[in-house]
Amino acid sequence: AGLERFHSQASGIALDIVTHGTDQAIWLGVLGALGYPRNKRAFRALAAGVDWNTAAACEEREELEVLLFRAAGFSRPANSEKPSRLTVKGTSIDWVRPWGRPANSPHARIRALSALVPIWVRSGGISNFAVQVVGGAVNSKSLLAMFRPVELVEREDCVVLGVARASEIVVNILLPAVFATTTGSTGSTQDFRMTALRNRVLNLYATHPKLAENSVTKEARIALGVDYALPEITTAQDQQGLIALYREMVRHGIKARQPRLPGV
């Protein structure tokens, strides 16, 4: 079930790649994952208003931060000296409150993202950087370099994403996105490289430790555990499968201890 969920996520990103291009598709996915379920739509709207090409054109981190704050409908960030010379697209964005701890607020997420974009740009774009990180990853912990590069983590004056949120994006966006970029390759040499990259992605996904518990995983464990002896969840893939099975159960309107229909 976890593997099926992975391929479903990769297919969704592949559709965005066809529609928007690779960099913009991953940009949409990453920003959507910053918003948690309640503000996922708002962050994707922000990614459309300030698309990847516009974000990459910002000369400084501060300029991008100002631009994203303006597109989000927030007041100008503190210590910003000059407005961005670039324009934004789209209309006003509806944010859902409350967003919990200050570190989980859109303001903090935007600041952390603004520091990452220049690093991705220097590496040839967000998709190239993603492929480099996955291709050179020794283990699942190495994948955090995409969202928690050492050069930012070691700076006291820079806002960075937490380990838990970065790991969520690695499992739900980074790995499926890189897998999606390997489809449709042509040429024997290119096919061989893409196959190797696909296998690396699947191996990293299968061995990634489980993510932090949240309300969905806790509820899924309780609901599915009523009628079945659940195995120990040790990997993110198993955890994703748990979520997929629980959502499938809810989609069919089945509650705990409710008699099952044949074949369900």
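Does E248 count as buried, exposed or partly exposed, and at what relative accessibility? At 34% relative accessibility, E248 counts as partly exposed; buried here means under 20% relative accessible area, exposed over 50%, and partly exposed in between (1.4 Å probe, protein chains only).

## Ground rules

This is a predicted model, where local features need pLDDT of at least 70 and side-chain atom pairs count only at pLDDT 80 or more, while totals for chains, interfaces and linings use all residues. Residues are numbered from 1 along each chain as its sequence is written, and side-chain values use heavy atoms, with hydrogens and water left out.

## The overall picture

The protein chain comes to 12 helices and 0 strands; these are DSSP runs numbered from the N terminus (helices are H or I, at least four residues; strands are E, at least two). Of its 264 residues, 45% count as buried.

Take the contacts (heavy atoms within 4.5 Å) in the protein chain with a separation of 6 or more: residues 24 or more positions apart account for 65% of them. The chain exposes about 14000 Å², with carbon and sulfur atoms supplying 53% of that; accessible areas come from the Shrake-Rupley method with a 1.4 Å probe, and for residues only the protein chains shown count as cover.

## Helix α5

Helix α5 covers residues 61-72, and its end C-alpha atoms sit 16 Å apart, which agrees with the 16 Å its 12 residues should span at 1.5 Å a residue. That expected span is 1.5 Å times one less than the number of residues. Since 9 of the 12 residues are buried, α5 is largely enclosed by the rest of the structure.

Among the buried ones are L64, V66, L67 and F69. The buried residues of α5 pack against α3 (36-49), α4 (52-57) and α6 (106-122). After α5 comes G73, with a positive phi near 85°.

## Salt bridges

Side chains of opposite charge can pair when their charged atoms come close. The structure holds 8 salt bridges, each a side-chain nitrogen of Lys or Arg within 4 Å of a carboxyl oxygen of Asp or Glu. R61 is partly exposed at 23%, while E65 is buried at 9%.

R122 lies in α6 and E151 in α8 (residues 150-153), so the pair ties together parts 29 residues apart in sequence. As for E248, its partner is R251, at 2.4 Å between the closest N and O atoms.
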